[in-house]
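Visitor: Can you walk me through a few residues here? Show me the model before we start.

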Amino acid sequence: RIAEGSAGPLTGIPLAHKGVFCTEGVLTTCGSKMLANFVSPYDAHVVSLLKAAGAVMVGKTNMDEFAMGSSNESSWYGPVRNPWDPAAVPGGSSGGSAVAVAARLVPASTGTDTGGSIRQPASFTGITGIKPTYGRCSRWGIVAFASSLDQAGPMTRTVRDAAISLGAMAGHDPKDSTSATLAVPDFEAVLGQGVRGLRVGIPNEYRIEGMSQEISDAWDKGIAILKAAGAEIVPVSLPHTKYALPTYYIIAPAEASSNLARYDGVRFGSRVMEEGDNLNDMYEKTRAAGFGAEVKRRILIGTYVLSAGYYDAYYKKAQRVRALIAQDFKNAFTQCDVLLTPTAPSAAFGFDYKPSNPVEMYLNDVFTVPTSLAGLPGISIPGGLSKDGLPLGLQLIGNAFCEESLINIAYTLEQAIGFNAKPERIAA
């Protein structure tokens with residue numbers, strides 16, 4: 001194709017797809033026993049676009065079951081291990097895709113981000129990950145978790161690779177009613193434009209109690225780099241940030257409980273039914289055997305907040321708070337062009353980390369969830385290494401459909417930080 005002059009931007013480039021993307025003729029399991037034997041009859045729209053750009057799929061990646069998790073421990077196939085330290089988690093839910101890139105198995109992979117599932121594993125594994133604006137990439141053919149939040153994006157080793165990959169993945173899809181009808185910019189063309197005169201907002205509320213000093217230092221270093229490059233540093237306030245996590249963990253499980261109702265043993269996926277069982281028996285046995293503990297937990301929470309008598313008290317109120325969080329960002333972007341924050345409150349934690357309750361695990365998404373609730377784009381890039389030699393991530397958040405600004409500023413940061421470390425276990 002190259003010789004013929006018919007090559008696309010990704011011709012011959014190997015990539016891996018997260019197990020949530022439908023791929024024609026290939027298993028699409030979502031890391032779940034429920035879909036262990038499901039072979040999709042079609043490609044997701046994003047998969048089709050990447051194929052048309054010339055990319056070559058070499059495999060599917062492991063993930064938290066149905067994209068529910070922050071550590072990639074909830075997959076039915078077992079956990080994904082971080083190449084920087086096999087005793088550490090890679091983040092979730094796109095941990096398999098992150099590790100495929102970090103371990104140099106592929107130069108790029110696809111992920112999905114509902115509350116941080118591209119950006120947080122990118123931070124934990126020392127790679128770049130972009131969550132585009134909601135609607136920039138089609139959701140058609142991506143197995144749904146929370147439909148008002150799910151968004152596809154690329155995971156790569158460099159900002160340039162992320163720009164090229166996003167350009168190939170994005171675009172309007174008439175099969176997705178939430179797909180934006182906007183033209184796709186040349187994201188690579190903005191690289192190197194510099195940041196002089198741009199305003200970078202620093203949210204006061206992201207200096208949270210319990211954040212590691214290493215994360216704070218990496219954040220301060222990023223601020224200093226952008227200031228030295230000519231950007232204006234502007235303190236901003238996002239007053240409803242403290243409500244983002246509880247809001248997300250009402251809305252996302254509510255949508256999940258609705259989306260996962262289709263896995264009932266009737267149409268596709270696993271079926272558990274014994275002689276003499278009626279329809280309800282089949283439903284109960286199929287869902288009990290097919291779903292893991294985290295998925296069941298979120299279905300139960302979601303069903304509860306949508307139930308009669310609780311809808312107004314929980315779900316409806318959460319939607320109102322979501323609107324206030326989105327308004328906070330709108331107000332902030334009248335004062336600045338982008339926001340700079342940490343991606344996660346710590347480096348990757350170990351598999352031996354046992355929170356006293358499941359809610360503690362959800363705190364890993366504290367810096368990524370607000371962006372998702374507002375439908376805004378965010379990018380995570382490596383900001384350095386911890387004292388234990390684990391990657392630390394910095395996040396840039398932009399206004400809706402302003403991915404060019406994010407990519408340009410991320411490139412400036414990337415070049416100044418000069419992160420070129422790689423896991424010791426990866427051959428030169």
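Guide: Some terms to begin with: buried means under 20% relative accessible area, exposed means over 50%, and partly exposed is in between, with a 1.4 Å probe and protein chains only. The model is predicted, so local features need pLDDT of at least 70 and side-chain atom pairs count only at pLDDT 80 or more, while totals for chains, interfaces and linings use all residues. Residues are numbered from 1 along each chain as its sequence is written, and side-chain values use heavy atoms, with hydrogens and water left out.

Visitor: Is Cys22 buried or exposed?

Guide: Cys22 is buried, because its relative accessible area is 4%.

Visitor: New topic. Where is Glu205 found?

Guide: Glu205 is in the loop between strand 6 (199–203) and helix 5 (213–228); helices (H or I, at least four residues) and strands (E, at least two) are DSSP runs, numbered from the N terminus.

Visitor: What is Glu205 in contact with, leaving aside neighbours within four places in sequence?

Guide: Val236, Ser237, Leu238, Pro239 and Thr241, contact meaning heavy atoms within 4.5 Å. A polar atom of the Glu205 side chain lies 2.8 Å from the backbone nitrogen of Leu238.

Note on methods: A polar contact is a pair of N or O atoms within 3.5 Å; within protein, one must be able to donate a hydrogen and the other to accept it, and residues adjacent in sequence count only if both atoms are side-chain atoms.
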